[in-house]
Amino acid sequence: MTTAPPRPPALSGLVTLPGVYAPQADTHLLARVLAAEPVGPGTRVLDLCTGSGALALLAALRGAHVSATDLSWRAVLSTRLNAARARQRVRVLRGDLSGPVRGQRFDLVVSNPPYVPAPGAPRRRDHSAALAWDAGPGGRRTLDRVCAHAGQVLSAHGVLLLVHSGMCRTEETLRRLAEAGLRGEVADRCHVPFGPVTRARLGWLRAEGLLEPDGEHEELVVIRAARE
């Protein structure tokens, strides 16, 4: 079983205001894939659902021109604070996915969106921590929209890096990306013990067929997609 990669040193000591998603195994897995991309001075990068700004900062540290968006004001403030502490320039905008940068194009889009399946609609209160992970009954409420938005903002040779749980059905992500004109593949994966949110709803997740009855780990996958 492939375990999660270690936290990149650059992500140590990040500030996360209450209700903001702190970098965890999914962030570290996506960071490992990001490290293999040819990011450098002049690369235009967009971080959707930036949270603490961890991925945006990793790109900025390599000289990229980085924009980051999030619906949560606390996430926006956390990212701005972390960028200032790291002395990196990141344009941080509050808004829904690529809405704040509509009409612009990017060479690389990265995203660690909410993807944990949850009964009912996710709460939209800005101060609610659940905003960072709850994603509706199938876990795809935001994922499907990220796939569509990426097709709208990627440059001609642009690449999307997207992380989510295997519970959300990787094949569905690949299908949605194909509909958006992108060819996707699994770039990396790992298995991690259930976190507190998943453990709290194990009964429901297993009843819905989203987890194996006796499983103790969750699969995380990073999808890399480029234009056909």
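Mentor: Let's begin with Thr69, which touches Leu46, Asp47, Leu48, Cys49, Thr50, Leu93, Gly95, Leu97 and Pro100 when residues up to four places away in sequence are not counted; contact here means heavy atoms within 4.5 Å. This is a predicted model, in which local features need pLDDT of at least 70 and side-chain atom pairs count only at pLDDT 80 or more, while totals for chains, interfaces and linings use all residues. Residues are numbered from 1 along each chain as its sequence is written, and side-chain values use heavy atoms, with hydrogens and water left out.

Thr69 belongs to strand 2 (residues 65-70). Helices (H or I, at least four residues) and strands (E, at least two) are DSSP runs, numbered from the N terminus. The relative accessible area of Thr69 is 1%, so the residue is buried; that word means under 20% relative accessible area, with exposed over 50% and partly exposed in between (1.4 Å probe, protein chains only).

One of the partners of Thr69 is Leu97, found in the loop between strand 3 and strand 4. Leu97 is buried as well, with a relative accessible area of 4%, and its phi is near 50°, a positive value in a residue other than glycine. Most residues other than glycine have a negative phi. Ser98 lies in that loop too, between strand 3 (90-94) and strand 4 (106-111). At 5% relative accessibility, Ser98 is buried. Leaving aside neighbours within four places in sequence, Ser98 is in contact with Leu46, Leu48, His149 and Val153. Leu46 and Leu48 are also among the residues that Thr69 touches.

A nonpolar core is a set of buried Ala, Val, Leu, Ile, Met, Phe, Trp, Tyr and Cys residues joined through side-chain atoms within 4.5 Å. The largest one has 56 residues, and those touching the most other members are Leu34, Val66, Val90, Leu108, Val109, Leu160 and Leu161. Helix 2 (residues 54-60) supplies the largest share of this core, seven residues. Val90 contacts Ala56, Leu57, Ala60, Val66, Ala68 and Ala83, not counting residues up to four places away in sequence. A second, separate core has five residues, including Met167, Leu202, Leu205 and Leu211. In soluble globular proteins, nonpolar side chains tend to be buried together.

Helix 1 (residues 25-35) is largely enclosed by the rest of the structure, because eight of its 11 residues are buried. Those buried residues are Asp26, Thr27, His28, Leu29, Leu30, Ala31, Val33 and Leu34. They pack against helix 2, strand 4, strand 5, strand 6 (182-193) and strand 7.

On a 1 Å grid over the protein atoms alone, a pocket is an open set of points where a 1.4 Å probe fits, with protein on both sides within 12 Å along at least five of seven lines, and lining residues have an atom within 4 Å of a point. Strand 7 (residues 217-227) gives the largest share of the lining, three residues. Met167, Arg169, His191 and Leu211 are among the lining residues.

Arg169 sits in the loop between strand 5 (154-165) and helix 5 (170-179). At 38% relative accessibility, Arg169 is partly exposed, and its phi is near 70°, positive in a residue other than glycine. Thr170 is in helix 5 and is buried at 12% relative accessibility. Thr170 touches His164, Val186, Val221 and Ile223, again not counting residues up to four places away in sequence.

The whole structure has zero disulfides, a disulfide being a pair of cysteine sulfur atoms within 2.5 Å. The sulfur of Cys147 is 11 Å from the closest cysteine sulfur, in Cys168, and therefore too far for a bond. Cys147 is buried at 1% relative accessible area, and Cys168 is buried at 0%.
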